[in-house]
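Here is a short briefing on one protein chain.

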Amino acid sequence: MTGTTLISADNTWALMAITCGWVAFSIYAEQTWAWASKLSGAIIALIGALLLTNLKIIPTNAPWFDDIIWGYVVPLAIPLLLLQCDIRKIWKESGKLLIIFLIGSIGTTCSAVLAFNLLQNYVPNAAGVAAMMTGSYIGGGVNFATLAGAFEIPGEVVAATTVADNLLMACYFFVLIAIPSIGFFRKAYKHPHLDEVESVGIDEAAKTQAAAYWERKPISLRDIAVDFAISAIIVWVSIEIAKIFGAVIPISNKFFLLLNGLLGNKYLIMTTIAMLVATFGSKHVAKTAGSQEIGTYLIYLFLFVIGVPASISQILQNAPMLFVFCLIMVIINMLFCFIFGKLFKFNLEEIILASNANIGGPTTAAAMAISKGWVKLVGPIMLVGTLGYVIGTYFGTFIGQMLGA
């Protein structure tokens, strides 16, 4: 598909211009028009990417998306947004998130078995697909790749499953973002973080709730310089520490393998260091403005990229039943999270983010928290979601072996 698009994958400046231009429009629309504010800038960004990809204007893979956004923009955004997270409050705010995330993980595991039994005659290497998607819908792409290799799943099946997963994830992101605006969910669940954002109110100068929340603030050149310096240093140090742990900790038994996966994960190290800086350097960090605004803008670039790989034509041509397979898993995960969340009296925001962290991973969950203004949940969901990278492979391996992959 890359070779037939209007803009080629190696035309980085054009892709950068389109990404930044559409993100600017998404933010402007959310803060200017009531309909766009209800839809949210995050969904507008995703819709733009989906349309541009499926109209074959931009490619589904490109160095700008895969290397620059994923490789540099996302890691830079995470510390910037975590500089407001005091680790002394983290357990109070993440304890429930961890519980509902684990409930969702159990739902994912059960859904893999159900999808396999329903579709094993229609999906090639169904047991392997169940294993891959269990790992992916608890952890993320690294678990997906690990399990694909572990069970020696053919490349064409892996590629088709990836496309199905990307399209479904983008669609589910729409659903989760829309849920807080639906009356049924607002009546059925508590939503304190949503109430806090809405309590900001809308003054005469602000046209929408988003404009009121993101009102203009004084940000100096020094603030920008310090923000980027802190973030870049945290990312660099985290990557180096993760490399050291990954190389030093053996993988000779299950305990060390688990420890290696935990301490060798750059995102977990990054999250921890950023929150340590925010906690013990809170007085200095508080004096520096702009980290939330800059980090949120970078996350909006990432939101655009989430929608890019979702090629509807490839799904229709190559893997319609794989899409159904993944859809069953997503629906069951959602039901587990929302039903048990209701029984255990979790907040709506916690349920939404936990399910998002299962299906999309910690970065998409954090992006959603940021786009909704649930800033207090950004750090906790990053931590909880990152745990999925550690346990996802174990769940996936268990499913694969049980189903005979």
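**Backbone, fold, cavities and pairs**

Lys-56 counts as partly exposed, at 38% relative accessibility. The model is predicted. Its chain has 21 helices and zero strands. A search of the whole structure finds two salt bridges and zero disulfides. There are four cavities of 30 Å³ or more.

- Lys-56 has a phi near 60°, a positive value in a residue other than glycine.
- Lys-56 sits in the loop between α3 (41-54) and α4.
- Glu-152 is not a glycine either, and its phi is positive at about 50°.
- The loop between α7 (141-150) and α8 (155-178) holds Glu-152.
- Glu-152 counts as exposed, with 69% relative accessibility.
- The cut-off for exposed is over 50% relative accessible area, so Glu-152 at 69% falls in that class, whereas Lys-56 at 38% is partly exposed.

**Overall fold**

- The chain has 405 residues, and buried residues make up 54% of them.
- Take the contacts between residues at least 6 apart in sequence: 80% of these join residues at least 24 apart.

**Largest cavity**

- The volume of the largest cavity is about 50 Å³.
- Its lining includes Val-74, Ile-78, Leu-81 and Leu-82.
- Ile-299, Thr-363, Ala-366, Ile-370, Val-378 and Met-382 are also lining residues of the largest cavity.
- Three helices each supply at least two residues of this lining: α4 (63-82), α20 (362-372) and α21 (378-403).
- α4 gives the largest share of the lining, four residues.
- By class, the lining of the largest cavity has nine nonpolar residues, one polar and no charged.

**Salt bridge Lys-217 to Glu-293**

- The side chains of Lys-217 and Glu-293 form a salt bridge, at 3.1 Å from N to O.
- Lys-217 is partly exposed, with 38% relative accessible area.
- Glu-293 is also partly exposed, with 22% relative accessible area.
- Buried means under 20%, so Glu-293 at 22% is not in the buried class.

**Salt bridge Arg-222 to Asp-223**

- Arg-222 and Asp-223 form a salt bridge, and their closest N and O atoms are 3.7 Å apart.
- The cut-off for a salt bridge is within 4 Å, so the 3.7 Å pair qualifies.
- Arg-222 counts as exposed at 52% relative accessibility.
- Asp-223 counts as buried at 6% relative accessibility.

**Cysteines**

- Which class does Cys-110 fall in, buried, partly exposed or exposed? Cys-110 is partly exposed, with a relative accessible area of 38%.
- Cys-326 is buried, with a relative accessible area of 0%.

Terms used. Residues are numbered from 1 along each chain as its sequence is written. This is a predicted model: local features need pLDDT of at least 70, side-chain atom pairs count only at pLDDT 80 or more; totals for chains, interfaces and linings use all residues. Side-chain values use heavy atoms; hydrogens and water are left out. On a 1 Å grid over the protein atoms alone, a cavity is a set of points where a 1.4 Å probe fits but cannot get out, and a pocket is an open set with protein on both sides within 12 Å along at least five of seven lines; lining residues have an atom within 4 Å of a point. Grid points are joined across faces, edges and corners, and a volume is the space filled by probe spheres set on the points. Ala, Val, Leu, Ile, Met, Phe, Trp, Tyr, Cys and Pro count as nonpolar, Asp, Glu, Lys and Arg as charged, and the others, Gly among them, as polar. Buried means under 20% relative accessible area, exposed over 50%, partly exposed in between (1.4 Å probe, protein chains only). A disulfide is a pair of cysteine sulfur atoms within 2.5 Å. Contact means heavy atoms within 4.5 Å.
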